[in-house]
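Have a look at it first, then read on.

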Amino acid sequence: MISNVAVVLKFLLIFFTITQIQSDNLVEGPNAENQCGVSLSASGLIYNGKVVKRNQWPFLVALMYTADGKFFCSGTLISRSHVLTAAHCLQEKGQEAPLTPSEFVLHLGKYNLSLVYDRGSITAFPEKIKIHPNWNIYQVKYDSDIALIKIDGTVPLRSNIYPACLWSSAIGMRNIQTGTVVGWGVIEDQLTTQNQLIPRQIDLKVVTNEVCYENKFMAGLISSRTFCAIGENGSGPCKGDSGGGLYMKANIKWFIKGIVSSSLLTDEGMCDVEKYSIFTDVAKFSNWIAKEMDIETDITCKFILDDGTDQYKNGYHCWPEKLVIHQPNVKVSNIIGVHLGQRNNNDVKYFSVEHQETSYLPHGVPELFPNVRRYSGYHTKLKHIQRSDFSGFQFLTIIVMAENELVNIPADTFYDVPGLEYLSLRGNQIASFDVDLFIKSPNLKTFYAFRNQIEYLDGRLFRKNFNLEEIHMDYNKFKYIDLDLFTPLKKLKLVNFRHNTCISEHFPETKDFESFKAIIATSCSI
């Protein structure tokens with residue numbers, strides 16, 4: 001249950017202070033559960049371990065012991081009823097039993113830890129906690145250092161209380177190399193273990209795990225599900241920052257990419273901020289988080305029967321209306337809409353998310369419409385797709401994710417669609433394709449990716465696509481094309497490379513195939 005009562009136990013007595021909720025700051029509505037990543041404060045950023053301004057990080061959560069009111073860890077609000085934190089905050093290494101929900105409380109909108117009454121803050125009570133099953137208290141390695149706290153009830157959204165978005169593999173690193181850590185941890189040059197009363201923030205540069213493995217001590221702590229980051233000028237997360245997030249901004253939204261997990265210590269037992277800090281990679285746990293959160297939404301379907309001649313469009317459609325999803329792994333639990341005639345969900349062959357404003361695709365579609373053959377996400381401001389979006393479809397052969405804002409396509413996105421024959425990714429902002437993107441798509445016949453930002457075609461891209469007949473990649477920015485790309489494609493009938501940087505040709509309209517490849521070899525080789 002959520003109350004506006006701030007609970008602090010001092011000298012074993014309980015004092016209650018009422019926090020007034022300002023109703024004009026609430027952010028409510030039918031899609032409130034899917035809102036995330038927006039800081040409603042107009043205050044600017046202050047870097048390098050400097051004090052932050054009130055309301056600047058509305059998803060920052062303080063965890064405090066019930067017994068004495070002492071702060072012990074940070075967390076991140078990721079929905080109106082869930083907080084993400086580190087597993088070691090709730091069950092330290094070597095600690096046989098984890099904390100129970102009654103042993104701590106959550107302070108949301110908290111700014112000054114010294115104040116019993118902190119303007120605008122509320123106290124939430126944990127209903128249950130879920131520590132990742134792979135968290136091992138007997139090993140030194142900090143793998144799976146992640147836990148989810150279910151709040152008893154839901155919290156109101158307002159300027160100082162607002163969830164962060166979850167980072168996913170679909171976002172990719174792109175050009176984002178720096179993240180921000182916020183918390184009440186010990187100042188890096190402070191020789192005591194006392195936490196700061198006002199949160200501070202620092203910028204950290206994210207590096208690959210290969211860099212971290214170069215340090216033999218760090219190599220013993222990290223795993224494939226962690227990443228490392230380091231600050232400048234002796235800045236870094238320290239005691240008390242544990243469980244908090246490393247946040248990155250993509251477009252206008254803030255995402256939690258990592259959870260503060262561990263770092264090396266100096267001989268004096270202080271955090272060695274000159275070395276890399278370890279973070280749990282949130283994207284590697286997106287499916288586990290989704291399963292434990294079980295966020296659901298309803299969608300309204302407009303059912304349409306298209307009996308036209310277009311082989312890719314005729315059939316019985318569900319066209320979702322007013323679909324807004326701005327975080328990954330939101331599951332559709334209920335369909336609102338009236339079927340035509342005697343038809344039912346089993347008759348739906350086409351699921352068409354078109355002309356909407358949704359950043360992510362909904363989950364749970366195969367359970368509702370088990371016979372879908374065509375999945376379309378067209379002109380819907382879609383920013384992310386991932387493997388779980390297309391898992392569970394038994395008959396899916398056509399995927400159209402066109403005219404959106406996709407930048408990165410994870411390598412395993414289509415691994416659960418072995419029957420895929422027609423794929424369109426046209427009109428996005430894709431700069432490159434992973435060489436393993438199509439290794440589980442042996443039946444792919446037609447591929448559209450025109451009007452993107454692609455500069456390089458690796459020769460391994462279509463190495464498993466022996467049935468590919470058409471490649472449409474005009475209006476890109478090709479500078480290099482590996483001719484090995486065509487070696488396995490014995491059934492190829494059409495290649496459109498018009499309006500590219502190094503080439504503007506179309507096979508078979510202008511050249512025989514050998515002449516076509518000769519032009520590529522001359523104009524598009526390194």
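How many cavities of 30 Å³ or more does the structure hold? The answer is three. (A cavity is a set of points, on a 1 Å grid over the protein atoms alone, where a 1.4 Å probe fits but cannot get out; points are joined across faces, edges and corners, and a volume is the space filled by probe spheres set on the points.)

Keep in mind that this is a predicted model, where local features need pLDDT of at least 70 and side-chain atom pairs count only at pLDDT 80 or more, while totals for chains, interfaces and linings use all residues. Residues are numbered from 1 along each chain as its sequence is written, and side-chain values use heavy atoms, with hydrogens and water left out.

**The whole chain**

- The protein chain has six helices and 31 strands (DSSP runs numbered from the N terminus: H or I with at least four residues for helices, E with at least two for strands).
- Out of 526 residues, 56% count as buried (buried is under 20% relative accessible area, exposed is over 50%, and partly exposed is in between, using a 1.4 Å probe and protein chains only).
- Take the contacts with a separation of 6 or more: 65% of them are between residues 24 or more positions apart (contact means heavy atoms within 4.5 Å).
- The chain exposes about 22,500 Å², and carbon and sulfur atoms supply 50% of that (areas come from the Shrake-Rupley method with a 1.4 Å probe; for residues, only the protein chains shown count as cover).

**The largest cavity**

- About 130 Å³ of space lies in the largest cavity.
- Its lining is made of 14 residues, with Asn55, Gln56, Trp57, Lys110 and Tyr111 nearest the centre (lining residues have an atom within 4 Å of a point).
- Sorted by class, that lining has seven nonpolar, four polar and three charged residues (Ala, Val, Leu, Ile, Met, Phe, Trp, Tyr, Cys and Pro count as nonpolar, Asp, Glu, Lys and Arg as charged, and the others, Gly among them, as polar).

**Salt bridges**

- Side chains of opposite charge can pair when their charged atoms come close.
- The count here comes to 15 salt bridges (a side-chain nitrogen of Lys or Arg within 4 Å of a carboxyl oxygen of Asp or Glu).
- Arginine 225 and aspartate 143 meet in one of them, at 2.9 Å from N to O. Arginine 225 sits in the loop between helix 3 (216-219) and strand 15 (226-230), and aspartate 143 in the loop between strand 10 (126-131) and strand 11 (147-151), so the pair ties together parts 82 residues apart in sequence.
- Arginine 225 is partly exposed at 21%, whereas aspartate 143 is buried at 16%.
- Aspartate 416 pairs with arginine 387 in a salt bridge, their closest N and O atoms being 3.0 Å apart. Aspartate 416 is partly exposed at 27%, and arginine 387 is partly exposed at 31%.
- Glutamate 469 and lysine 493 form a salt bridge at 4.0 Å, N to O. Glutamate 469 is partly exposed at 22%, but lysine 493 is exposed at 54%.
- Salt bridges with shared partners join Arg387, Asp412 and Asp416 into one network.

**Helix 4**

- Helix 4 spans residues 286-293, and its buried residues include Ser286, Trp288, Ile289, Ala290 and Met293.
- Among the parts covering the buried residues of helix 4 are strand 6 (71-79), strand 7 (82-85), strand 10, strand 11 and strand 12 (165-166).

How values were computed
1 Å grid on protein atoms, 1.4 Å probe; cavity = no way out; pocket = protein on both sides within 12 Å on 5 of 7 lines; lining within 4 Å.
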